[in-house]
Amino acid sequence: MPSINRRKFLKGASIAGAAAMAVRINPDFLMSSAFAAEGRTLTFYSAENLTGNWDPSSHSTLAQMNLESFVFGTLCRAPMTMANPDELKMELAESITPIDRHTLEITLKKGISFHDGSPFSARDVKATFEYASRPDRPAQNYPGTCKVHVLDDYTCRVDTSEQGYPASLYILLSAFLPIMSANDIEAGSLSQRANGTGPFRFVEQKGNTSVLEAFDGYYLGKPKIPGLNFVFVGDATTRVMALLNGEADLIERLEPEQIQTIQKRKDMALHKLVSVENKYLWFRCSKPPFNDPRVRLAACHAIDREMILELLGEAGHPCASHISPVKFGYADVENYPEFDPQKCQALLAEAGYPNGQGLPPLEYITSVGFYPKTQEYGELITAMLQAQGFPVELNVMEVAAWNERLYDRPNGGPGHMIDCGWASGSPEPDLVLRTHFHSSSKRITGIEDKEIDAALDKEQGIEDLEERKRVLQTETLPLLAAKVPSYALFTSVFFHAMRADLKGLFIYPNGQMDAAAAEYV
């Protein structure tokens, strides 16, 4: 079985193919239209489609989370910088204070209202936490069910004693949990209309465009931008062309070669940051052959991630962990699998597939248009796996079709491997780890592993944050590296391009945005 000692050939072929497929844009050909800055609505082109359900607890779709960041408020926000990933800034809350292992006291700001005019109070926090923490809610962003005791209109206590997990888990999570209206929850109307406390209120849906307008009653003052059009456009080139010709003011998920086009334009600005999103190769662990951790590990040792990073250029950041460097508890894991054809072959032989013989045909699913270079590095990974004897076929799909095939289902999800990132607006690592690798969730992989469950239960149950960090770094993450239910290929570097006169927009490392202070100058 030949190993990839033809690396230069393989790398050259892949990069040449990527260059041939790239649409090259002459920046002098498309000129931005002249618009009056004053009173201009912001048009944002999103790379992913929405679900059509406005209940924040009903989904795990990043595009919808991005839209929710304009509409809904959270108790606090997390800037999630690499220098200080644990930093929190209060939003709807004045303070969040641990009382004991199972009790967290939350004091709220006064004078805040929902878009429908109802006042925000502790009753809304109670309704949100108790509803969204139910095990039947698809988002599964809560560590378990909880109770909230209202002390007065602006003070409440989160109680986790029934399930026994530490209430301190909500300290980091509070930056990511949208606060919903108790009236909407009680009326069962959450799915019909987005009603939050954020700077923009939902007006209507026009095809692929969600129309928002500035909320007059926003507690920090009405935004200077009168409205926002949130538009789904799944093709990266179309998004760039729309920005260059003035149809869009802000776009996301640029391809690496498009970055240079934007940088040449004085009327354009580029925003870059290491994100909370790792890009993973997810294995369908609930069916053969990837129900065997040896086969999963063999596949990881067949992949040279340095070549993927070289292909991605500025769009990728190295990572040796199942969580991003801006997550609480991140560390480069010593046993994280690296490219090693000999280990790959030894593991295949040990699993009963010498040189890949006996493996069934394998489908590797990826999307195109949402994440940068997915088809190009998907072809590279496919060639690497084939070189080690894995009979892999790459299936490239447009975003909506890929989204439909993403999650686990009875008898295993579609295909055998699927490409996907995971971005959450909190430093809390369990939004990745427990969501995907605990048997109670098994979102994409379908994995059921008692040893992983025990490790995740242990780290979740630690009240002291420093001790929890130590266990994550020395026990939990090394175990996941040994069993690899998924393989983190790299950490995404997010690029947003925008009109140069758009100022005051804050972009979080998961792609969510704060446009409360944004304006055209």
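Guide: A residue is called buried when its relative accessible area is under 20%, exposed when it is over 50%, and partly exposed in between, using a 1.4 Å probe and protein chains only. By that definition, 62% of the 521 residues of the chain are buried. The model is a predicted one, in which local features need pLDDT of at least 70 and side-chain atom pairs count only at pLDDT 80 or more, while totals for chains, interfaces and linings use all residues. Residues are numbered from 1 along each chain as its sequence is written, and side-chain values use heavy atoms, with hydrogens and water left out.

The chain contains 15 helices and 21 strands; these are DSSP runs numbered from the N terminus, with at least four residues (H or I) for a helix and at least two (E) for a strand. Its radius of gyration is 23 Å, close to the 24 Å from the globule rule for 521 residues, so the chain is as compact as a globular protein of that length. This radius is taken over C-alpha atoms, and the rule is 2.2 Å times the number of residues to the power 0.38. Along the principal axes, the C-alpha atoms fill a box of roughly 70 × 60 × 40 Å.

With strand β12 (residues 268-283), β16 pairs in the antiparallel sense over 6 bridges. With strand β14 (residues 362-368), β16 pairs in the parallel sense over 2 bridges.

For contrast, one may turn to D514, in strand β20 (residues 513-514). D514 has 29% relative accessibility and therefore counts as partly exposed. Beyond its neighbours within four places in sequence, D514 is in contact with G504, L505, F506 and Y508, contact meaning heavy atoms within 4.5 Å. The C-alpha atoms of D514 and S69 are separated by 6.8 Å, although these residues are 445 apart along the chain.

Technical notes: Pairing = 2+ DSSP bridges.
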